[in-house]
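Biologist: I am new to this structure. Please walk me through it, one question at a time.

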Amino acid sequence: MPLFLAALSSFTFGVADFVGGFAARRVSAVTVVWGAHVLSLGAVLAVAPLFSDGFGPATALWWGAGAGIAGSIGIAVFYFALATTPTAVVAPVAAVVGTGLPVLFGVLIGERPEPIAWLGMTLAVPALLLLPSGTRDRGSAVRGVWLGLVTGVGFALFGILVSRTGADSGLWPLGSARVASIVMLTIAAPILRKPLMAPRNTWSLIAAAGILDMTANVLFLLAVREELLSLVAVIMALYPASTIALALIVLRERTTKRQIGGFVVAAAALGLIAR
């Protein structure tokens, strides 16, 4: 069941990322994330009492707050990248980085991946080089790689920090994550000269991104409390499949042979890590 939840979470994350990235083509990524997190905060607070009798230890809420800050930075950068760079570049890069760091963290806390997993992590390096190399707009692709790296670090930190919370805290760490994210973005938006309120015609997209993202977070949290972080992280890293598929179908993005090769190598790397 935990692996099924992780797979479902991965698919939901991919759809949420596409919707959020699509909304970021119309308004600032900061605006999209702020609106999505405000709306989804209400949703998680409504269902959290169903999963636990209390808040659990205060440390769980602090872990959640830290995860919220890291995750909101990662998702804002990711939405911006999806709106301005090729999806087939930024999504796999973010996935590889977002997988590798939790696996390394798992090793540090005592988890022991098989040697084949280390081979997969090594194989991820040429994947990062192949993904931008065949793009017609090389500058955009290289920018996508860098933004993907930042996104991957943010996603990895979110997963690592939220995995430190115990089952007795229920979903409340996700609530504290949203509160921390909203506070940080409220402070950052004026500094970055970005509006917080989005135009009315974008709120349906923002609401969909927020609810999908929170649903994926809940599924991830339930999965990681029952299974190794290193294993759940690898399954979660498959989310670019749904993001890229939607980009190909809806946005009609084109990919080159080298990009496809890079994606295949990245998929092979993730597969080896999973084994």
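Modeller: A definition comes first: rings of Phe, Tyr and Trp (its six-membered ring) pair if their centres lie within 6.5 Å; planes under 30 degrees apart count as stacked, over 60 as edge-to-face and the rest as tilted. This is a predicted model: local features need pLDDT of at least 70, side-chain atom pairs need pLDDT 80 or more, and totals for chains, interfaces and linings use all residues. Numbering starts from 1 along each chain as its sequence is written, and side-chain values use heavy atoms, without hydrogens and water.

Biologist: How many aromatic pairs does a search of the whole structure find?

Modeller: A pair of aromatic rings is described by the distance of the centres and the angle of the planes. Searching the whole structure gives a count of three.

Biologist: Is Phe-78 buried or exposed?

Modeller: Buried means under 20% relative accessible area, exposed over 50%, partly exposed in between (1.4 Å probe, protein chains only). Phe-78 has 0% relative accessibility, so Phe-78 is buried.

Biologist: How many residues apart in sequence are the parts that Phe-78 and Phe-155 tie together?

Modeller: Phe-78 and Phe-155 form an edge-to-face pair, 5.6 Å centre to centre, with 80° between the planes. Phe-78 lies in helix H3 and Phe-155 in helix H6 (residues 138-162), so the parts tied together are apart in sequence by 77 residues.

Biologist: Which residues of H3 make the contact with H1?

Modeller: Helix H1 (residues 2-23) and helix H3 (residues 58-84) pack at about 65°, with axes 8 Å apart. Axes are lines fitted to C-alpha atoms, for helices over the stretch in contact, and angles run from 0 to 180 degrees between N-to-C directions. On the H1 side are Ala-16, Asp-17, Gly-20 and Gly-21. Contact means heavy atoms within 4.5 Å, and the H3 residues are Ile-75, Phe-78, Tyr-79, Leu-82 and Ala-83.

Biologist: Which residues is Gly-98 in contact with, leaving aside its neighbours within four places in sequence?

Modeller: Gly-98 is in helix H4 (residues 87-108). Gly-98 is buried, at 14% relative accessible area. Leaving aside neighbours within four places in sequence, its contacts are Gly-152 and Ala-156.

Note on methods: Helix = DSSP H or I, 4+ residues; strand = E, 2+ residues; numbered from the N terminus.
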